[in-house]
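I opened the model to look up a fold, a residue and a chain contact. My entries follow the display.

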Amino acid sequence: MLDVTTLEGADSVGKVQQMCAKAMRPLPEDPSVGPAGAVCVYPRMVKVAAKAVKGSGVNVASVATAFPSGQMRLKERLAEVRYAVGQGANEIDMVISRGQFLQGEYRAIYDEIASCKDACGEAHLKVILETGELTTYDNVRYASDIAMAAGADFIKTSTGKVPIAATLPVTLVMLQAIEDFYGETGRMVGMKPAGGISNAKLAIQYLIMVKEVLGEKWLNNKWFRFGASSLTNDLLMQIRKQETGRYQSGDYFTKD
Amino acid sequence: MNPHDFTSGDYAPAPESSDHISLKKSYDLFIGGKWVKAASKFDTINPATGKVIAEVSSAGKKEVNQAVKAARKAYDGEWSSISGAERGKYLFRIARLLQERAREFAVIESMDGGKPIRESRDIDVPLAAAHFFYHAGWADKLEYAFPGKKPKPLGVVGQVIPWNFPLLMAAWKIAPALACGNTVVLKPAETTPLTALKLAELLEDAELPAGVVNIITGDGETGQALVEHSDIDKVAFTGSTAVGKSIRRTVAGTDKRYTLELGGKAANIIFEDAPINEAVEGIINGIFFNQGHVCCAGSRLFVQESIADKVIRKLKKRIGTLKVGDPLDKNTDIGAINSAEQLARIKALVNAGEKEGACIWQPEGRLPRKGNWFKPTLFTDCAQSHRIVQEEIFGPVLAIQTFRTPQEAIEKANNTPYGLSGGVWTDKGSKIFKMTTSLNAGVVWANTYNKFDPTSPFGGYKESGIGREGGLHGLSAYLNL
Amino acid sequence: MTIKKTYKLFIGGKFPRTESGRVIEVRGKDGALLANMSQASRKDFREAVVAARKASAGWAKATAYLRGQIIYRIAEILDGRGEQFVSELVSHGLRENKARKDLAQAIDLLVYYAGWSDKYQAVFSSVNPVASSHFNFSAPQPNGVVGIIAPGRGSLSELVSTLAPVIVGGNCAVVLSPQDATTAISFSEVLATSDVPAGVVNILTGERDELGLEFAKHMDVNALMLCSSDSDETRALELEAAENLKRVSVHPNKSLKEDPYLITDFQEVKTTWHPVGV
């Protein structure tokens with residue numbers, strides 16, 4: 001249920017290849033620990049990532065639409081989506097135009113999401129609301145409703161690039177929106193909290209919330225993802241702790 | 001082909017003669033200055049030919065006990081009664097005898113273990129002699145080594161050594177133990193017992209008092225019996241981390257002292273401002289020295305991403321010129337893999353590397369049909385999460401990863417349970433010391449690799465071991481302070 | 001009416017209560033309640049190791065001069081609060097002259113080790129005359145995170161005699177202090193006001209039988225100072241410590257004498273080879 005992520009200006013071919021190795025085999029000495037749901041990279045790195053994870057069952061997600069700000073004309077943002085899909089991305093993480101949303105131009109938000117969905121073709125669309133910039137729960141709820149109505153396959157909290165990323169209360173608001181949308185339309189929409197979820201203890205709180213609000217149908221990597229980079233090793237350390245009764249050290253878990 | 005036709009580019013065979021060596025068909029155990037028969041024997045095999053060289057004895061619990069008793073007797077008797085200066089003279093004498101018979105020891109080392117004669121001749125044997133020479137001088141000067149302390153010997157020391165540097169490891173263990181006034185029971189590795197037994201003969205020639213050094217051959221059970229023996233005061237072990245941990249458990253809660261010299265997975269880090277041709281030589285020496293059967297081998301290469309293609313191209317070219325074959329040939333760069341068992345382990349990990357998606361490269365050319373051989377091997381596109389990067393292969397296999405910044409290189413280099421050694425290649429002095437101080441490893445080489453010296457302490461951080469061997473710091477392992 | 005102090009744990013520069021909610025009643029000679037001390041759990045211990053690891057790179061990199069000044073600062077602050085410690089030790093049953101002696105010893109130990117901060121490296125390093133064209137030297141580097149199972153009798157000087165040599169060498173410490181004395185926690189108030197960076201020293205009060213094994217088992221603890229005169233306890237802890245080859249140094253269950261070799265017990269020797277040539 002993890003989207004193993006690197007979204008840095010410094011991302012290079014080597015960095016992305018190595019992260020993909022980690023996504024495919026989080027614990028090299030124990031192949032029973034399954035792979036991540038997806039790797040998440042910038043569009044320029046999609047080709048590298050797609051080659052690296054080929055045949056492993058790990059998806060390639062790409063951020064697009066002038067990530068992280070979204071401050072670019074729709075035309076170029078859609079071109080970016082098509083480029084990433086063309087390079088081999090199976091999932092697109094788009095950002096909405098928070099400025100326009102706060103200006104009250106809700107129709108424009110609906111349209112940009114719908115056009116992105118169109119540009120995605122077969123690829124899944126995750127819509128990043130950047131809840132830290134929407135600031136109120138009402139806004140989060142409304143943006144969630146718009147995104148789902150416009151065709152989002154997933155709604156996602158954050159880019160990880162602004163100080164306030166995923167929080168439990170914001171995620172609860174989004175989960176409730178998904179639940180209502182499902183009740184009204186019968187269509188399931190996935191949820192991806194991202195940013196700041198760095199340890200297993202916090203992760204399990206999210207999972208319990210999903211279970212309680214949406215039910216177990218959502219508790220799999222088709223409908224729920226964490227966007228995180230350091231969560232993987234903490235999960236592995238907790239598993240090892242469970243098996244051995246020993247608290248673990250970072251030296252024993254690969255950093256890619 | 002005309003043998004004088006230099007245009008062909010190939011070198012004629014240049015085998016070292018083995019006429020001048022003397023080996024018995026069968027060896028007993030060296031206990032209390034005598035050669036003692038054991039109940040059973042086993043063969044020691046030339047890994048380059050598969051042929052039996054000699055048979056050696058397998059020491060059981062009874063013989064281990066005999067050896068410890070002999071060592072205790074010598075410790076309580078003659079060895080404790082002589083002065084440090086006199087002890088030193090024995091060690092000087094051993095060093096000289098070893099130098100005089102260096103060629104014989106080198107040839108036997110290469111026959112028994114498979115390492116190229118160039119290495120056994122130029123490195124293993126001279127360094128072994130140097131270790132005795134160095135420690136000889138300490139024997140009467142120990143009080144200067146530890147300010148405020150009055151050092152005393154420990155007593156009887158049980159030592160278990162590996163097959164990768166059989167004579168050199170014997171010297172690393174015996175020389176400081178004797179210099180510090182202890183007596184020794186040494187167990188060489190099962191597959192490489194011969195130079196230790198030849199050393200026993202040399203100790204007889206040196207007229208070392210009976211029982212001061214006892215050499216008993218056997219397999220892991222012999223080693224276990226020695227380590228568990230209630231009358232030894234210290235265990236010194238070089239070998240795998242798994243066995244090291246088990247020895248640590250064996251001595252838990254006892255007063256036995258211990259030094260453990262264990263596995264490694266060293267990072268060799270090359271920056272874009274490195275002298276690249278020299279670095280390539282150093283990388284080659286770092287991983288292919290002694291077929292990669294080296295605990296401190298530079299088995300993880302970190303190349304700065306900007307020069308990766310260039311470095312890999314040069315490495316491939318250089319590896320293409322390495323000669324794999326007859327260990328006794330003076331032109332040989334890579335000898336035989338020490339045992340069939342080790343070869344199987346190397347192959348299994350290499351297969352895992354391919355399966356996990358790293359790109360394998362090996363040079364053209366065929367390997368000899370008989371014996372244990374493995375081609376020098378490169379893996380590119382490696383990540384920390386590959387088993388070939390995590391696990392000690394102990395063979396001629398290099399896993400190459402790229403990095404972007406010094407911080408990233410440090411983080412990944414240290415992201416391992418091991419911490420024996422590391423290498424840094426850059427022309428910038430301040431960067432060298434930034435890197436060498438940041439690597440969690442006991443020995444770090446800057447713009448060089450795999451250098452050893454008796455004056456220079458060696459040993460690991462973390463799961464690579466406990467304690468140091470060699471130099472001033474190695475002495476404390478054999479003394480009560 | 002006097003205001004009584006709440007004694008909590010000292011983790012990462014903060015004073016949290018134990019997550020377990022358990023307390024140890026500490027009573028004076030007269031049976032009056034001195035404190036409900038926190039009885040640390042293994043989760044508290046885990047948090048303490050995380051705090052120590054976080055602080056470890058910075059403390060190891062701090063200059064020797066700075067480490068010396070900070071440890072001397074601990075002595076200054078402790079001296080300034082001396083009367084508090086004397087009365088606390090007396091309330092635990094020590095005679096006043098003994099309590100004063102204990103305090104003076106603790107202060108002297110701090111001053112002693114503060115002075116070693118920029119000297120042990122020189123005394124225990126070597127330049128090695130290798131037979132090749134290399135500059136070769138060996139110098140100590142701190143182990144990292146050190147667990148200290150302090151002597152079990154609760155005097156201040158005992159605690160300081162184990163802690164000071166560990167931290168002067170650039171290590172971060174997690175200390176398990178005896179459960180029947182408040183002095184260690186009062187001492188952590190001294191640490192918290194002595195410029196000791198958060199996480200460099202973490203102090204837990206708790207059951208040795210319960211937490212000792214956890215100290216030995218934790219894979220992110222690099223070394224263990226064990227003050228124990230019980231060979232069964234030593235064996236049990238050493239067996240567990242083998243799993244990550246912790247450096248274990250065992251001492252009797254009492255105050256340790258001033259000794260620079262206690263500093264080097266928690267140092268690794270690093271050897272560096274550097275070519276010489278033009």
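These are my notes on what I looked up.

Conventions. I worked on a predicted model, where local features need pLDDT of at least 70, side-chain atom pairs count only at pLDDT 80 or more, and totals for chains, interfaces and linings use all residues. Residues are numbered from 1 along each chain as its sequence is written, while chains are lettered from A and ligands numbered from 1 in the order in which they are written.

Chain B, overall. I found 16 helices and 19 strands (DSSP runs numbered from the N terminus: H or I of at least four residues for helices, E of at least two for strands). The C-alpha trace spans about 65 × 55 × 35 Å along its principal axes. Buried residues are 61% of the 481 (buried: 20 or more other C-beta atoms within 10 Å of the residue's own, with C-beta atoms placed from the backbone). I then took contacts (C-beta atoms, placed from the backbone, within 7 Å). Of those between residues at least 6 apart in sequence, 72% join residues at least 24 apart.

B:His386. I located this residue in the loop between strand 14 (377-380) and helix 13 (387-390). B:His386 counts as buried because it has 27 C-beta neighbours inside 10 Å. Beyond four places in sequence, its contacts include A:Ala21, A:Pro28 and B:Gly353.

Chains A and C. Eight residues from chain C and six residues from chain A make the contact.

Terms used
A residue is buried if 20 or more other C-beta atoms lie within 10 Å of its own, exposed if 12 or fewer, and partly exposed in between; C-beta atoms are placed from the backbone. Two residues are in contact if their C-beta atoms, placed from the backbone, lie within 7 Å.
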